Amino acid sequence: MEVARLAGVSAATVSRVLNDRTDARISLETQERVRATAREVGYVVNRLATSLRTHRTGVFGAIVGSLSGHYQPHLTGCLQAAAQRRGMELLVAQAKADAGEVAGQLHLFQDDFFDGVVMVTDLPGHEALCDHLDRMGKAHVTLCGGLTGSKPAVLTDEWLGMRLLFDHLVELGHRRISFVYRESRSALRDRRTIFGEMVSESAGAIQGGVISFERDEAARQTFRQILTSPLTGPTALICGSDGLAIEVVAALRDMGLAIPDDVSVVGYDNVPDTAYWSPPLTTVAQPTDRLCEAALDLLVELVGLSPEARAVTRPMRLVPPELVIRASSDVPSLRQIPPA
């Protein structure tokens with residue numbers, strides 16, 4: 001072997017160094033010499049040959065629901081960065097809109113070349129896809145797919161996140177609080193359910209409404225009517241995501257309302273640019289780096305198990321979020337909002 005000859009070591013030593021199977025018998029100086037020699041001659045490890053011996057390649061797949069919008073691209077980028085820090089290859093595919101087409105995409109990840117799959121948020125036909133991967137004996141982890149989604153899974157502690165937002169607004173003095181969601185965003189359903197339970201727990205101390213903020217004109221008119229009701233209109237809005245919050249803020253401004261002077265608005269996710277919005281958005285910070293590290297930890301753990309052991313190992317790991325208070329939330333306004 002050319003690398004062994006030039007580095008002055010055995011072929012077995014080269015193999016152990018380049019496949020990260022070194023021990024104390026191989027000095028750091030020897031390891032660096034082997035790697036430097038390999039770089040000089042342009043040698044790279046043949047993953048296919050390695051996989052034939054170990055049945056592992058160190059290559060993982062990820063399917064993301066969307067590479068547009070606010071949070072999902074940020075989450076996917078952090079997942080790729082976490083994989084790179086570990087020396088793992090992560091190949092990312094964007095899910096197609098149809099569940100049957102997504103199932104077709106999984107054929108790529110079912111191949112023995114891939115050790116496991118991360119599904120980023122919930123995908124079309126998500127439950128069926130996880131069942132399909134189980135039948136194929138392929139390790140998988142769902143990242144931020146919701147409390148009611150498939151396991152194994154890693155996600156933010158949504159109960160704590162919603163509690164932080166709810167208590168923040170109550171402590172400011174708000175008693176009429178509404179949760180804003182979009183019907184097509186299934187990832188927001190857990191947050192909507194949690195909000196409803198918190199309102200119920202208040203035993204009437206908090207008037208809590210739920211507003212579907214869709215893009216059609218009829219829905220927008222309903223939104224305006226709710227916000228301008230003099231006796232029941234909310235003084236604060238909890239938006240199910242930061243992306244939704246920026247649309248809500250724009251709609252409120254079109255109505256001539258100021259944030260937070262007339263209505264407080266808070267979001268969820270803490271996407272990178274929320275600190276620079278006008279006004280900067282109060283939100284819950286999903287611990288994205290920790291979520292991605294935890295997802296990869298779990299995936300590697302599952303890859304090390306037999307398919308039979310994976311079938312009975314269905315962990316859900318929760319990572320605690322943090323409240324980030326900025327200028328979009330304040331005490332309730334005493335000014336009456338004029339009707340639309």
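**Panel A. Arg182 pairs up with Glu247 in a salt bridge.** Here the closest N and O atoms sit 2.9 Å apart; a salt bridge is a side-chain nitrogen of Lys or Arg within 4 Å of a carboxyl oxygen of Asp or Glu. This is a predicted model, so local features need pLDDT of at least 70 and side-chain atom pairs count only at pLDDT 80 or more, while totals for chains, interfaces and linings use all residues. Residues are numbered from 1 along each chain as its sequence is written, and side-chain values use heavy atoms, with hydrogens and water left out. Arg182 lies in the loop between β6 (176–181) and α9, and Glu247 in helix α11 (residues 242–254), so the bridge ties together parts 65 residues apart in sequence. Helices (H or I, at least four residues) and strands (E, at least two) are DSSP runs, numbered from the N terminus. Arg182 counts as buried, at 7% relative accessibility, whereas Glu247 is partly exposed at 23%. For those labels, buried means under 20% relative accessible area, exposed over 50%, and partly exposed in between (1.4 Å probe, protein chains only).

**Panel B. Salt bridges that share partners join Arg85, Arg86, Glu293 and Asp297 into one network.** Within this group, the side chains of Arg86 and Glu293 meet at 2.8 Å, N to O. That pair links distant parts of the chain: Arg86 is in the loop between α5 (71–85) and β2 (89–94), Glu293 is in helix α12, and 207 residues separate the two. Arg86 is partly exposed at 31% relative accessibility, and Glu293 is partly exposed too, at 23%.

**Panel C. Arg163 and Glu201 form a salt bridge between two helices.** The N to O distance is 2.9 Å. Arg163 belongs to helix α8 (residues 158–172) and Glu201 to helix α9 (residues 189–201), 38 residues apart. Arg163 is partly exposed, at 27%, while Glu201 counts as exposed, at 54%. By the same rule, the count comes to 14 salt bridges.

**Panel D. Arg310 is buried yet has no salt bridge.** What is the nearest side chain of opposite charge? That would be Asp134, 6.4 Å away; Lys and Arg count as positive and Asp and Glu as negative, with His and the chain ends not counted. Arg310 sits in helix α13 (residues 307–312), and its side chain reaches the backbone oxygen of Gly137 at 2.4 Å. Neighbours within four places in sequence aside, Arg310 is in contact (heavy atoms within 4.5 Å) with Gly137, Lys138, Ala139, Leu302, Val303 and Leu305.

**Panel E. Phe223 is among the members of the largest nonpolar core that touch the most other members.** A nonpolar core is a set of buried Ala, Val, Leu, Ile, Met, Phe, Trp, Tyr and Cys residues joined through side-chain atoms within 4.5 Å. Beyond four places in sequence, Phe223 is in contact with Ile211, Phe213, Leu237, Val248, Ala251, Leu252 and Met255. Another core, of eight residues, lies apart, and Val117, Met119, Leu123 and Cys130 are among its members.

**Panel F. Leu91 is found in strand β2.** Leu91 is partly exposed, with a relative accessible area of 40%. The C-alpha atoms of Leu91 and Phe60 are separated by 6.4 Å, with the two residues 31 apart along the chain.

Conventions:
Polar contact = N/O pair within 3.5 Å; in protein donor to acceptor, adjacent residues only side chain to side chain.
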